[in-house]
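Good morning, and thank you for joining this meeting.

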Amino acid sequence: MKTDFAKTLDISKKWLKENVKRFAFKKLEREIIKPGICVKCGTCVSSCPVDAVAADYTQGTMKPILVGKCIGCGICYVMCPRTFANRSDIIGEFRSIWKAKTTSNVRGQNGGVASELVAHMIEEGFVDAGIVATHDKEKPWKPKATVVTSGEEARDSHGTFYSQAPVVGRMLQAFQEGHHALAVVGMSCAMDSIARMKTHPAGLLRIDLRRDVITLGLFCMKSFDYPGLIAFLASHGIKPASVEKMEIAKGKFKVIGKTLGSWPLADLDDVATKSCSYCTDLPAMNADISLGNFGSEEDWTTVLIRSVKGEHVFKSAIQSGVIEAKPLDEKSIQFIEKMAKFKMLKKYRD
Ligand SMILES: Cc1cc2nc3c(=O)[nH]c(=O)nc-3n(C[C@H](O)[C@H](O)[C@H](O)COP(=O)(O)OP(=O)(O)OC[C@H]3O[C@@H](n4cnc5c(N)ncnc54)[C@H](O)[C@@H]3O)c2cc1C
């Protein structure tokens, strides 16, 4: 007769079989045990339904090892406190996922959706302004956090700056200047800051009933310190004023303009923003709407709708005809998952 715990393991195994990819102990060994990330809690040892995992103490400290035939049920991997096994752990909760593009003739970084959504929200009165990034007049490609109050200004803000813009600080200033409802565009770190203001007991956006924010989070693998990025370009004979577009695609950092340039992303490690090495969130999990290119063709934007508010705005933009959207297929979602996991596990590899 099966023990209660064996029955529990059966239910867990059945759920994993039906709901997620099956993982073998080898994966746990490769990703967690060999790199030294194992917390030595014994979960994998005691949860293996076929007793194939044991605790080895020969090196003086506990190490999980395979002593029998792994059936690949995945319990050890999924129960481990240091793995990311569920889709929602990796790319966050979302209500729907799309690839989309603007129907205007604005050429965005990808599908021009981020700037178009800000424009739509201003034009339809969802918000009274947007907080975006624009070029510092004196220093091309130095992002300046800017308040835009018209659709035209919002569309003009299209494109990606690979350096930090203090959009959250600008948002708070905009409130002090009298704005009440704002659409804020930023990277996942900026989204985290706003999320804290909404959820912390002393959070500014939790206390203040008169202000509200909708957040548009940009996917982000890493960003670069502005002076370091400009010095990197200078070392390759590229002047910022001659650059029309910068992009990260297929593991390369590319510059498009009078001079073309393409380098492996790792070449820019020295100029990467230090705080990026502590970040595990590629797809801006705390935003109302997350936008990136992973998962879509170059001129489309991948859009994750995460909140009811985000869904309302996105549907409105589709109904008004300013955005066209198609549901994203499973293979593309898996690619986003792969890239998000790559960023999460990078912290383990470094
Ligand atoms: C540092 C950084 C790294 C990124 N890395 C990836 C990646 O690895 N993979 C991926 O799929 N996507 C990445 N993205 C997102 C991608 O570059 C596009 O922003 C996204 O696909 C939306 O494209 P779009 O054409 O819809 O946006 P657009 O319509 O072109 O609008 C972009 C909006 O973002 C604002 N903006 C641009 N830069 C900043 C900034 N630094 N801070 C705040 N607001 C800004 C602009 O002002 C504009 O309002 C990154 C973005 C950034 C900022």
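Let me begin with the domains. The domain assignment divides the protein chain into domain 1, covering 4–85, and domain 2, made up of 91–223 + 273–349. Please keep in mind that what you see is a predicted model. Between the C-alpha centres of domain 1 and domain 2 there is a distance of 38 Å. Four residues from domain 1 and five residues from domain 2 make up the contact. On the side of domain 1 that touches domain 2, three residues are nonpolar, one is charged and none is polar.

Now to the chain as a whole. The protein chain contains 13 helices and 13 strands. Taken along the principal axes, its C-alpha atoms fill a box of roughly 70 × 50 × 40 Å. The chain has 350 residues, of which 39% count as buried. If we consider contacts between residues at least 6 apart in sequence, 65% of them join residues at least 24 apart. As one example of spacing, P166 and E330 are separated by 164 residues in sequence and by 35 Å in space, C-alpha to C-alpha. P166 itself is found in the loop between α7 (151–156) and α8 (167–176). With 16 other C-beta atoms within 10 Å, P166 is partly exposed.

I turn next to the ligand. Which residues are the closest to it? They are G108, A114, S115, M221 and G292, within a surrounding set of 34 residues. Two or more residues of this shell are contributed by each of α6 (113–123), β4 (129–135), β6 (181–187) and β11 (289–292). The largest share, four residues, comes from α6. As to the classes of residue, the shell around the ligand holds 19 nonpolar and 15 polar residues, and no charged ones.

The next topic is a set of paired strands. β8 (243–249) and β9 (252–257) run antiparallel and are joined by six bridges. Within this pair, E247 has K254 in β9 as its bridge partner. The hairpin of β8 and β9 has two residues between the strands. β9 also runs antiparallel to strand β10 (residues 261–264), with four bridges joining them. Here the bridge partner of F253 is W263 in β10.

Finally, I would draw your attention to two backbone angles. K250, in the hairpin of β8 and β9, takes a positive phi near 50°, although K250 is not a glycine. Is K250 buried or exposed? K250 counts as exposed because it has 8 other C-beta atoms within 10 Å, and a residue with 12 or fewer falls in that class.

W141 is not a glycine either, and has a positive phi of about 75°. Where does W141 lie? Its place is in the loop between β4 and β5 (143–148). W141 has 19 C-beta neighbours inside 10 Å and therefore counts as partly exposed, since a buried residue would need 20 or more.

That concludes the presentation, and I thank you for your attention.

Definitions and conventions:
Residues are numbered from 1 along each chain as its sequence is written. This is a predicted model: local features need pLDDT of at least 70, side-chain atom pairs count only at pLDDT 80 or more; totals for chains, interfaces and linings use all residues. Domain bounds come from an automatic or database domain assignment. Two residues are in contact if their C-beta atoms, placed from the backbone, lie within 7 Å. Ala, Val, Leu, Ile, Met, Phe, Trp, Tyr, Cys and Pro count as nonpolar, Asp, Glu, Lys and Arg as charged, and the others, Gly among them, as polar. A residue is near a molecule or strand if its C-beta atom, placed from the backbone, lies within 6 Å of it. Two strands pair if DSSP finds at least two bridges between them.
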